[in-house]
Structure formats: C-alpha cells, structure tokens
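Here is a short note for a colleague meeting this structure for the first time. Please read it with the model open.

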Amino acid sequence: MPVTPDAAVHAPPYLREAVMLLVAGVIAAPLCRRLKLSPLIGYLAAGVLVGPYAFKLVDDPDGVRDIAELGVIFLLFALGLELSFARLMALR
C-alpha cells in the first residue's frame with residue numbers, strides 16, 4: 001500500500017515523542033555500559049535530556065504522561081531484576 005501525504009495526519013498521538021524517547025534510551029544505555037555504569041542511569045539521563053527542561057524535544061509533558069508512567073513501571077521492573085534475593089534480605 002503506497003504511503004500518501006495524509007498518512008502523517010493519521011499517526012498515533014505522541015508517536016514522535018515516543019520514538020525520540022526510545023532512540024535516546026537506545027543510545028544512552030550502551031554509552032553508560034561502556035562507562036561501567038548501570039543502564040538505568042542512562043535511561044534516566046536520556047529522559048532528562050529529551051524532556052522539556054533540557055533540549056526541549058518533548059514540549060508537552062502532560063501529553064506524554066502515559067508514556068512516562070509506563071517508563072516508571074519498566075524502571076521499577078528493571079530495578080527488581082538487578083536486586084538479588086540475598087541482597088534484598090540483607091537490606092531488610
């Protein structure tokens with residue numbers, strides 16, 4: 001099916017912002033690994049840099065709130081994967 005100029009009108013809302021956040025995360029995580037840091041630091045730094053207070057690539061923070069909430073869920077999941085049961089019991 002050929003792509004028409006009207007196809008951009010029917011794109012899902014906030015697709016551009018979601019793609020920018022994903023690309024920033026894909027770039028930041030390996031960079032942090034190379035610096036021997038946790039990739040979670042890279043994800044957080046990418047979100048800060050892409051957000052409305054640094055490079056302003058995402059202008060409307062209220063519009064991407066659903067993406068941000070999903071990101072927090074993934075962040076907590078990744079933190080849970082990094083904690084071992086023995087370390088969690090030691091923190092108790």
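Is lysine 56 buried or exposed? Lysine 56 is exposed, because its relative accessibility is 52% and the exposed class begins over 50%.

1. **What kind of model this is.** Please keep in mind that this is a predicted model. The protein has 92 residues, and 17% of them count as buried. Its accessible surface comes to about 7600 Å². Carbon and sulfur atoms hold 71% of that surface.

2. **Overall layout.** The secondary structure consists of 4 helices and 0 strands. Along the sequence the pattern reads α-α-α-α. Helix α1 covers residues 15-34. Helix α2 covers 39-50, and α3 covers 65-82. Helix α4 runs over residues 85-91. Take the contacts with a separation of 6 or more: 47% of them join residues 24 or more positions apart.

3. **Two lysines with positive phi.** Start with lysine 56, the residue of the opening question. Lysine 56 sits in the loop between α2 and α3. Its phi is positive, about 55 degrees, although lysine 56 is not a glycine. Lysine 36 also has a positive phi, about 60 degrees, and is not a glycine either. Lysine 36 belongs to the loop between α1 and α2. With 75% relative accessibility, lysine 36 counts as exposed. Both backbone angles are worth a look in the viewer.

4. **The core.** Which residues make up the largest nonpolar core? There are 7: Met20, Ala24, Ala28, Ala46, Val50, Val58 and Val64. Helices α1 and α2 are the elements that give two or more residues to this core. The most comes from α1, with 3 residues. As background, nonpolar side chains tend to be buried together in soluble globular proteins.

5. **Methionine 20.** Setting aside residues within four places in sequence, methionine 20 is in contact with Val50, Leu57 and Val58.

6. **Valine 64.** Valine 64 lies in the loop between α2 and α3. Why does valine 64 count as buried? Its relative accessible area is 9%, and buried means under 20%, so valine 64 falls in that class. Apart from neighbours within four places in sequence, valine 64 is in contact with Tyr14, Glu17 and Val58. Valine 64 and leucine 15 are 49 residues apart in sequence. Their C-alpha atoms are 9.6 Å apart in space.

7. **Glutamate 17.** Please check this charged residue with care. Glutamate 17 is in helix α1. Glutamate 17 is buried, because its relative accessible area is 13% and the limit for buried is under 20%. Not counting residues up to four places away in sequence, glutamate 17 touches Val58 and Val64.

8. **The salt bridge.** How many salt bridges does the structure hold? It holds 1. Glutamate 17 forms a salt bridge with arginine 16. The closest N and O atoms are 3.7 Å apart. Arginine 16 is partly exposed, with a relative accessible area of 48%, whereas glutamate 17 is buried at 13%. In general, side chains of opposite charge can pair when their charged atoms come close.

9. **Glutamate 82.** Now turn to another glutamate. Glutamate 82 is in helix α3. Which residues does glutamate 82 touch, not counting those up to four places away in sequence? They are Ser38, Pro39 and Leu40. Glutamate 82 and serine 38 are 44 residues apart in sequence. From C-alpha to C-alpha, the two are 9.7 Å apart in space.

10. Leu83, Phe85, Leu88, Met89 and Leu91 make a nonpolar surface patch. The patch has an area of about 500 Å². One of these residues, methionine 89, is in helix α4. Methionine 89 counts as partly exposed, because its relative accessibility is 35%, which is between the limits for buried and exposed, under 20% and over 50%.

Methods: Residues numbered from 1 in each chain as written. Predicted model: local features only at pLDDT ≥ 70, side-chain atom pairs only at ≥ 80, totals over all residues. Heavy atoms only, no water. Patch = residues over 30% accessible without salt bridge, like charges linked within 9 Å, V, L, I, M, F, W, Y side chains within 5 Å. Areas by Shrake-Rupley, 256 points an atom, 1.4 Å probe, with all protein chains shown as cover. Salt bridge = Lys/Arg side-chain N within 4 Å of Asp/Glu carboxyl O. Buried < 20%, exposed > 50% of the residue type's maximum accessible area, 1.4 Å probe, protein only. Contact = heavy atoms within 4.5 Å. Core = buried A, V, L, I, M, F, W, Y, C linked by side-chain atoms within 4.5 Å.
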